[in-house]
Amino acid sequence: MQRLKPVDVVIAGGGFVGLTLAKEITARTSLSVVVLERGQPRKTADYSTGMDELDYALRFKMMQNLAEETATHRHSARASAVPIRQYGSFNPGTGVGGAGEHWGGISYRFYPEQFRLATFLREKYGARLPENVAVQDWGVTYDELEPYYWRAEQLIGVGGKAGNLQGKRVDGGNVFEGSRSHDYPNPPHKTTYATTVFEKAARELGYHPYPVPTATLSRNYTNPDGVSRPACAYCGYCTRYGCMIGAKAQPTNLLMPVLQKRKTFSLRTGCNVRRVIHSDGKAEGLSYLDASGEEIVQPAGIVIVASWTLNNARLLLLSKLGEAYDPATGKGTTGRNLTHQVSQSTRVFFDKPLNAFMGAGGLGIGISDFDGKEGLDGYAGVLRGGNIRVMSTGEGPIASFGAIPPGEASSDWGAEWKKASLGWHDRAAAITSEAEHMAYRQNYVDLDPTYTDQHGDPLMRLTLDWTEHERAQGAMLTKVHAQIAKAMNTQSGGANSRQLERYTVTQYQSTHVNGGAIMGTTPEHSVVNPWLQHWQAPNLWVVGGSAFPQNGSGNPTLTILALTLRAADGIVDRYLKHPGGLA
Amino acid sequence: MKRREFITLPATSLGGVLLYTLAGEPLRLQAQTGDVRVPLRFFTAAEARVVEAACARIFPTDESGPGAKEAGVVVFIDRQLAGPYGKDKYRYTKPPFVESVPEHGYQGKQTPREVYREGIQKLGDFAELPAAEQDQRLRAIERTTFFRILRQHTIEGMFSDPMHGGNAGLIGWQLIGYPGPLMNYRDEIDKAHGQPWRRKPVSLAQVVGRPVTGWEEEKG
């Protein structure tokens, strides 16, 4: 083991969170910052030969190698867990930029009441809350976070149309969203046939369609750091790919150009962080294996854990830092409030071709008439809703082949199926939804007792299943999907349209898995305080989607970035001036 | 050293075949003549013939257009199995292997290579059978792991970039009107609403102007 010279700040994870914190700290202080990233360096030029559906979208070339490390899953504490052996329900990344390289770019804000959800639900529903609900207030309000949302939107160049500008409703935007201090930095994307048909139908039904906010640039844009990126070219190689022109906001095209010029910043790749070293309520540094397999300890004055969401909780558990959550007693905090999102999809078939290979990860039209607290009155037992949208993300020829309406072929192979698949090819889109996922006492993360990673450390174990509430959310959204599909004059149904049953790891839902090291107002019920500072070790910060006490309906990256920018302010403006607990 | 095995792809002239296209206009494929002898990396010649025959029933050659045979799907599968995917280099393969609920997916120990070897063996003299009997045999195994990945690989071999060994002559992309991984639709995306935008397809190597290799070529 080699013990290195101390640095001021050491960060585990070179993704959106770690590199944003490094950028903020090195811009505003003279502190030395070291980022440890387990994967390899990446840059925009690497992606020019990456427009290959097979290797990237179907073989997951940009993702964490599951042979080395995965998670296990079980539906309840009574069952035994098995490994997620191949990719399915979510896709953690690896390499510089993390999952922020292969995301789709959709950049929603969460609804104001989401940040005080426990209080809100108690006020509205009182004792009628479902059994075992573990939702909590975040300890930060929407209004407090709004300036950080705005900074994050400028950083990545979000395009969209405001629906609530300084409290005034603006038609054509999402009229149900929280008040914005500014309109989006960029206009919405261009439209496609599928999105325009959806928009017209939704409007006719009395809903309020808006362009989905996106960080795939709608025009050439220079952000406040002076980083210029070109407008999206709608090639459709976004989600699961790196953008070959840098139009999609990614840490490598957004943060690395700034950081590379900073002498106080260094990035070490191929370095797999395994423990937070700590004693007596103080983090001392990070222990990692470098690219040659040697164990290294990097001492630091400030330690930041910024790995992919759930890995944050795993690192704390492996480091025996804080108390592991026990669902039987409700004691302990690390690992609690594991959430995903309720994903629902209904295939719709058009009478005209869609050119669905054109698109962008965030190109779409959505409605939020059944999102947040809206539109739920007719649906008994549904406490929180979700968005409904048609996205033109750019479909690959392999994954899109074989989408046919129900009853068109008796088999999924052979001459009849082939003929139907060719005839219907490029006519299918999907109405999709992502709904809020409340936290429950029984859904959590801990260390698996059986399965280990490449170094012999326990894998994280996910105990997670849907409840009646999520099934009711799904049923509500599916019902609205069918109504809109009819108004679009499309046929609907088929293989992708199914009711939510038990949680499955086999089908991609989203990479929006959150929680495990949640933020909150008391050390009894949260791992980090509202500044994302660990309650038990004031010089340790645990930052990312891990901090979400429960999940909102929108894609989480923008909220993660807003929390990250606020954590940076906490470190720079408060902690450095008065080291100690900020809450 | 292992004897080099080959598969000979048939001298198929497709020049006269009318293809359905999404534009609603028939499209003629370029005529292809002459046999192509392709060295195999994983299959024996006998195994390749079985796989080729099975893929040809999954995605047949008929009046709706060419199929797996002309696209060289068997070559695609052979290369996938020879590469890191076939060896499960990117799947979690630590024991214990425990059968679980369907929501946990494939929990087996067998690699894709092993699944194929066993599946092909069970198909026996498949390549020699008439089409109707071949269909019957496939029908009997259509819920097995082997058949599910064979079906998936057939679609992948039809429609993946030709650098992976299938989609020969961009035959699959011509069939569905996919133009290839073009880099810019800024001027087209909001103009072609409801109208088919179709071009003669190009491969990734043609788009970027230099050779590109697939992940299956990775050594080790």
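Helix α5 of chain A has 12 residues. From its first C-alpha to its last it reaches 17 Å, close to the 16 Å expected at 1.5 Å a residue. The model is predicted, and the values here are computed from it. Much of the description of α5(A) concerns burial. The buried residues of this helix are Tyr193(A), Ala194(A), Thr195(A), Val197(A), Phe198(A), Glu199(A), Ala201(A) and Ala202(A). After α5(A) comes Gly206(A). The phi of Gly206(A) is positive, near 90°.

Helix α5(A) also takes part in the meeting of the two chains. In total, 54 residues of chain A are in contact with 57 residues of chain B. On the chain A side, the elements that give two or more residues are α2 (53-58), β5 (82-83), α5 (193-204), α9 (415-424) and β19 (444-452). By class, this side of chain A has 24 nonpolar, 18 polar and 12 charged residues.

Two of these contributors, β5(A) and β19(A), belong to an open sheet of four strands. The order is β5-β4-β20-β19 in chain A, and the pairing is mixed. Strands β5 and β19 of chain A stand at the edges. Each has a single partner strand, so one side of each is left without a neighbour in the sheet. A helix packs on this sheet: α8 (residues 309-318) of chain A touches β4, β19 and β20 of chain A. The direction of α8(A) makes about 65° with that of β19(A). Within the sheet, strand β4 (residues 71-74) of chain A and strand β20 (residues 458-463) of chain A run parallel. Four bridges join them. Arg74(A) stands opposite Thr463(A) in β20(A).

Strands of a sheet pair through backbone hydrogen bonds, either parallel or antiparallel. Strand β12 (residues 272-279) of chain A pairs with strand β13 (residues 282-289) of chain A in the antiparallel sense, over seven bridges. One bridge sets His278(A) against Ala283(A) in β13(A). The two strands form a hairpin with two residues between them. In the turn, Asp280(A) has a positive phi of about 50°. Strand β13(A) also runs antiparallel to β14 (residues 295-305) of chain A, and five bridges join this pair. Here Ser287(A) has Val297(A) of β14(A) as its bridge partner. The hairpin of β13(A) and β14(A) has five residues between the strands. Among them, Gly293(A) takes a positive phi near 90°.

Chain B comes to eight helices and four strands. From the N terminus on, its elements run β-β-β-β-α-α-α-α-α-α-α-α. Of its 220 residues, 40% count as buried. Among contacts in chain B between residues at least 6 apart in sequence, 68% join residues at least 24 apart.

One helix pair in chain B illustrates the packing. The axes of α1 (residues 45-58) of chain B and α6 (residues 145-159) of chain B come within 10 Å. They cross at roughly 75°, which makes α1(B) roughly perpendicular to α6(B). From α1(B), the residues Ala54(B), Cys55(B) and Ile58(B) meet Leu150(B), Arg151(B) and Thr154(B) of α6(B). By class, this contact has four nonpolar, one polar and one charged residues.

Technical notes. Residues numbered from 1 in each chain as written. Chains lettered and ligands numbered in written order. Predicted model: local features only at pLDDT ≥ 70, side-chain atom pairs only at ≥ 80, totals over all residues. Contact = placed C-beta atoms within 7 Å. Nonpolar A, V, L, I, M, F, W, Y, C, P; charged D, E, K, R; others polar. Pairing = 2+ DSSP bridges. Axes fitted to C-alpha atoms, helices over the stretch in contact; angles between N-to-C directions. Expected span 1.5 Å × (residues − 1). Buried ≥ 20, exposed ≤ 12 C-beta atoms within 10 Å, placed from the backbone. Parallel < 35°, antiparallel > 145°, perpendicular 65-115°, else oblique.
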